[in-house]
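Welcome! Please take a moment with the sequence and the 3D view below, and then we can walk through a few of the features together.

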Amino acid sequence: MKLPLLPTTGVGSFPKPSYVTGAKGRLDESSRRATREFIEHQETMGIDVLVDGEFYRGDMATDYYRALGFPVADWTRSYDNRFWRKGIVDKPLQRADPIQLEQFKYAQSLTEKPVKAILTGPTTLANWGFNSHYKTREELVLSWAEVVKEEALALVKAGARYIQVDEPAVAERYWETNLFRGGLRRVTEGLGVYTITHVCYGEFPLVYPNMPNLPVDQIDIELSGELDLGLERSNLLRMMKEDPLTKYMDVAAGVIDVRPGVSVEDVETVVRRINTVLEVLAPTDEALRRIWIDPDCGFRTTKSPTVAYKKIEVMLEAVKQVRERL
Amino acid sequence: MRVKKEHYGETGLKSTLVGPYPRVGSECGDKLRRELNRLYEGKGDPELVRSLMKDLTGEVVHEMVAAGIDLPNSGLIDVHDELTWPLEYADGVRFGGMKKIFHTNVHYRQALVNSEVRRKKPLIGNLYKAALEVHPAVKVEFPGPFTMAKHSVLNKDSPYSDLNDLAEAYARLFRDELSSLIDAPLVQFNEPSMIAPGTRIEEIGIVPDLYSKMLNGFNLSVAVWTFYGKYSPNALKILLSLPIDLVGLDLVWDTEVDALLRKTSSHDKGIGFGVIDSGDRGHIQFEDPSRVLERLSKLVGYVNFEKSFVSCNATLEHLPRDYARRKVALISEIARRINK
C-alpha cells in the first residue's frame, strides 16, 4: 500500500462509548458496534493506517493475565485516579488459546485499509504484574516473549500487515535494555510483516543510546511534552537531533497530548510540534519519508470520545498544512 | 532537635509507613474512585469528592492504627502523584508531560518552572486534620526538595541558574510550611533521588547544606527517607550527616547496606528500616517475620533502636489494598516482636 508523506495513524485505544460495558478482553456485541463505528470514522477522516480502538479491552496487561488463566489482584494506582489490576504469574506461562485474534479479524474485515494488530510487549507484561513463579527476570520476560510471539504469528497468519508491540515499560528498568531488546527480538524476528514498537511516558534519554538497535521497522514514541519544551530544554530532542532515529528505522512521532483534562490543541500548536519533529528527525529527504504522525498514546485516558475525535481532526489538519508546505 | 517520642508511645523500635496508602479496596475507596471519574467527566460533585477523601483518610489511618502501626501517615489520599504534588500549591510552576516514577508504572507530572517559586497556600490541609481526628500522632510527609528539583525542568526565563538553585527554592517553599508543623511528631521528606540509579554522588553533595538552610531555627523532628536504590559508603555518610533525626533506608533494594551500617555506628541518627517489600519490583511474597527479625537483630549495637523505625521500603500503593493490609500487619508484628 502506498502511503503519503507523513502517514497518519493511531496508537490503539479510543474512549469507550457509554454503551460498551464489561469488556475484559472479549469481543461482545457492544464492542463490535463500537469497533465498526470507529473504523468508519477513521476512514471518513482519512487516517492512513487504522487501529481498532480496543473497545474489548479491560487493560492492556491485565487482559493477557486473564486470558492465560492467572489470578488478578485488586486495583493499584498508576497516577491521580487511574488504576489497573496486576495479574500474578504463579505458574509457567503458556498460551493455550488466541488472545486477540478474533478482535483483529473482525476489525480488519470492516475495511480495505490496513488495521494494525496491537500486542502488549513482553517487558511491559512482566513489569506490570507480579511474579511468584520465575526465579529470574530473564526467565519471566523471555517466557512472556514466547506467548506474545505465538499470538503475533497467529495474527500474521490471519492477514495482519502491521504488528505493533506496545512497550510503555521500556524505560522503567533502563538497566535491563538488553533483556528488553531480547524479548522484543523474539517477538518480531521472522514475522515477515512491518513491525512497530510503541513507547511512552518514560525517561527516554536513559535508553536512547540503545534505541537504534531495536529489532523493529518503526518506533512509535510519545513526544508532545518534549516538543513543547523545545530543543533548548529537552534532552531527548537534543539527543534525537544529534543521532536521529530515522537513520535506523521509521519513527512515528506522538504530537497530540491524550491525557485527561488536557484541552484540544489548536492546529497552530500541532503544526509547530510537527515542525520541531521535522527539524529534529528529518535532516534529509530520506529521513523525512521515514516519519509518521500520530497521538502520544491511545486515547482511552482522554475519556471523552468527542474530545478524542476533535483532537484527531486537529492532528489531521495540521498534517495537511505541513504536507502542503513540503 | 529530638525525635518526639512522647507523641507515639513507649520506647523501643517503632513501626511506620511510607508514602501514599492504597485508595481503593474498601467501599469508601471504591466510591471515591467512581466519583472522581464522574467529576472528570463533568458530572461529579466536588463537595462529595472532598467528603469522601476525608472519610477515606479517617478509614486508612484507622486501618494503620488498628493494625498496630505506631506512627501512621495520613495516607496522602488526595495527592496526584508522590513526587511533585506540593507544587500544586505554589506559583511559578506549571505541570508538563507525564513521566514514570523511576522503575515503576506509576507516573508523576514533570514540573516546568517559569518564574520565582512561591507558596501560595498551605500544603497541608484538611485531610491531615482528618487524620489527627483518628489518631493524635500522625507524621507529615513531603517529597524532598532535592528529589523535586530532579523531577523539574527550568524554563529559560526562570530565575534559577540550575537544579541546585531550584532545590534551594523548593527548600524555602517548605520553610514557609514548617512553622505550622511544630506540633507534628515527625516531618518526613522522601528523597529517593539521592540513591536512585542514575544519580551521581557529586550531585548529592549539596543536600546537607540544603537541609541545614531549610531546617535552621525550627525545633522539629525530621526524617529523610530514601528508596529505590543502593547505598555507596559516601552516600550513606552524607545521609547520616544530615541535620535530621531519622534516616530511612531501603533494605529491600540494598541487601548489603546492613554491613555498611555496622561500619558507621558513630552517628546519632535513628534508622528507618525499610525492610518490608512494598511490591515495587513485582514481588508479591510476604516476608517471614523470623527472617526479618534475624536480619535486624544483627544490627543491635550498631544502630540506636530506641530512635528507629521498621517500615516498608516505599509506598504500599504498588500493592492492592488487601495485600497492603497484610504488609502493614507484618510491619507491626516485627516491631512488636523485636521489642520483646
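In this predicted model, G254(A) stands opposite D294(A), a residue of strand 9 of chain A.

Strand 8 of chain A has another partner to look for. Strand 7 (residues 218-222) of chain A pairs with strand 8 of chain A, again in the parallel sense, over five bridges. Here you can find I221(A) opposite A253(A) of strand 8.

Now let us turn to a pair of helices. Two packed helices are described by the angle between their axes and the distance between the axes. For helix 5 (residues 137-157) and helix 6 (residues 177-188), both of chain A, the angle is about 25° and the axes are 8 Å apart. Angles under 35 degrees count as roughly parallel, and therefore helix 5 and helix 6 of chain A are described as roughly parallel to each other. Their crossing is right-handed.

To see where these helices meet, look on helix 5 of chain A for residues including V141(A), L142(A), W144(A) and A145(A). On the side of helix 6 of chain A, the residues are L179(A), G182(A), G183(A), R186(A) and V187(A). By class, this contact between helix 5 and helix 6 of chain A has eight nonpolar, two polar and five charged residues.

Methods: Residues numbered from 1 in each chain as written. Chains lettered and ligands numbered in written order. Predicted model: local features only at pLDDT ≥ 70, side-chain atom pairs only at ≥ 80, totals over all residues. Axes fitted to C-alpha atoms, helices over the stretch in contact; angles between N-to-C directions. Helix = DSSP H or I, 4+ residues; strand = E, 2+ residues; numbered from the N terminus. Parallel < 35°, antiparallel > 145°, perpendicular 65-115°, else oblique. Left-handed = near helix turned anticlockwise from the far one by under 90°. Contact = placed C-beta atoms within 7 Å. Nonpolar A, V, L, I, M, F, W, Y, C, P; charged D, E, K, R; others polar. Pairing = 2+ DSSP bridges.
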